[in-house]
Amino acid sequence: MSSPVAFSATGVGGGNGGRPKLEHAYLQLHEPSADGSFAKPGPQLGKIEFQFNPKELSLSKSAAWTRSSARGNKKSGPPQYNGPQPSKLTLEMFFDASDTQDNSVVKRVEQLFACCVPTDSSFQQKKGSPPWVLFRWGGLTGFLAYISSVSVKYTLFTSGGLPVRATVS
């Protein structure tokens with residue numbers, strides 16, 4: 001039976017009694033597998049680097065249950081287990097280009113929005129699927145997943161109206 005834990009972690013330390021090296025989190029993007037199975041992802045498409053590591057991660061897991069009731073019955077039957085629901089990881093990303101005043105924030109947000117639409121390759125195979133992602137941060141590795149929603153709040157703009165700071169969830 002597989003573990004319900006969605007993360008795996010390896011010991012990452014500074015070695016030689018030194019201070020641990022700062023590692024930035026990132027999302028590794030993959031083409032969906034040819035058979036649609038999460039057992040093994042397709043080729044790597046790229047990665048989205050976190051400019052700042054998340055301050056918190058929320059992970060949830062649930063199970064599906066149903067209760068059957070027949071017409072005329074005063075009580076419903078016992079609950080029936082229908083299996084686990086997918087794990088859900090929620091996090092916030094912060095991007096800031098106030099020092100460079102360039103379009104790097106917009107580009108990163110567009111990369112995240114692109115994770116909600118089918119890849120060209122999957123669309124051509126008539127299996128329309130967005131890229132799969134793998135969250136990684138130092139020795140912490142998440143699980144293969146897809147991005148179900150992206151929401152952005154732009155909070156700082158140049159005098160010309162270019163967004164240079166954003167919070168994305």
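Tutor: The discussion below goes from the overall fold to individual residues.

This is a predicted model, in which local features need pLDDT of at least 70, side-chain atom pairs count only at pLDDT 80 or more, and totals for chains, interfaces and linings use all residues. Residues are numbered from 1 along each chain as its sequence is written, and side-chain values use heavy atoms, with hydrogens and water left out.

Student: How many helices and strands does the protein chain have?

Tutor: Helices (H or I, at least four residues) and strands (E, at least two) are DSSP runs, numbered from the N terminus. The protein chain has two helices and twelve strands, and their pattern along the sequence is β-β-β-β-β-β-β-β-α-α-β-β-β-β.

Student: What share of the contacts in the protein chain with a separation of 6 or more comes from residues 24 or more positions apart?

Tutor: A contact means heavy atoms within 4.5 Å. Residues 24 or more positions apart account for 59% of the contacts with a separation of 6 or more.

Student: In what order do the three strands of the open sheet stand?

Tutor: Two strands pair if DSSP finds at least two bridges between them. Here the order is S8-S12-S11, with antiparallel pairing. S8 and strand S11 (152-157) are at the edges with a single partner strand each, so one side of each has no neighbour in the sheet. From one strand to the next, the twist averages 15 degrees; for such angles, axes are lines fitted to C-alpha atoms, for helices over the stretch in contact, and angles run from 0 to 180 degrees between N-to-C directions. S8 and S12 are joined in the antiparallel sense by four bridges, and Phe-94 stands opposite Thr-167 in S12.

Student: Which strands does H1 lie across?

Tutor: H1 lies across S8, S11 and S12, and runs at about 35 degrees to S12.

Student: Which residues touch the most other members of the largest nonpolar core?

Tutor: In soluble globular proteins, nonpolar side chains tend to be buried together. Buried means under 20% relative accessible area, exposed over 50%, and partly exposed in between (1.4 Å probe, protein chains only). A nonpolar core is a set of buried Ala, Val, Leu, Ile, Met, Phe, Trp, Tyr and Cys residues joined through side-chain atoms within 4.5 Å. The largest such core has 21 residues, of which Met-93 and Leu-112 touch the most other members. At least two residues of this core come from each of strand S2 (26-30), S8, helix H1 (104-114), strand S9 (132-137) and S12. Leaving aside residues up to four places away in sequence, Leu-112 touches Leu-27, Ile-48, Met-93, Phe-95, Ile-147, Val-150 and Val-168. Buried residues make up 28% of the 169 residues in the protein chain.

Student: How many salt bridges does a search of the whole structure find?

Tutor: Side chains of opposite charge can pair when their charged atoms come close. A salt bridge is a side-chain nitrogen of Lys or Arg within 4 Å of a carboxyl oxygen of Asp or Glu. The search finds two. In one of them, the closest N and O atoms of Asp-96 and Arg-165 are 2.8 Å apart. Asp-96 belongs to strand S8 (residues 93-96) and Arg-165 to strand S12 (residues 163-168), so the pair ties together parts that are 69 residues apart in sequence. Asp-96 is buried at 15% relative accessibility, whereas Arg-165 is partly exposed at 26%. Lys-47 also forms a salt bridge, with Glu-49, the closest N and O atoms being 3.4 Å apart. Lys-47 is partly exposed at 38%, and Glu-49 is partly exposed at 32%.

Student: Where is Gln-101 found?

Tutor: Most residues other than glycine have a negative phi. Gln-101, which is not a glycine, has a positive phi of about 55 degrees and is found in the loop between S8 and H1. Lys-126 also has a positive phi, near 60 degrees, and is found in the loop between helix H2 (120-124) and S9. Gln-101 is partly exposed at 41%; Lys-126 is exposed at 76%.
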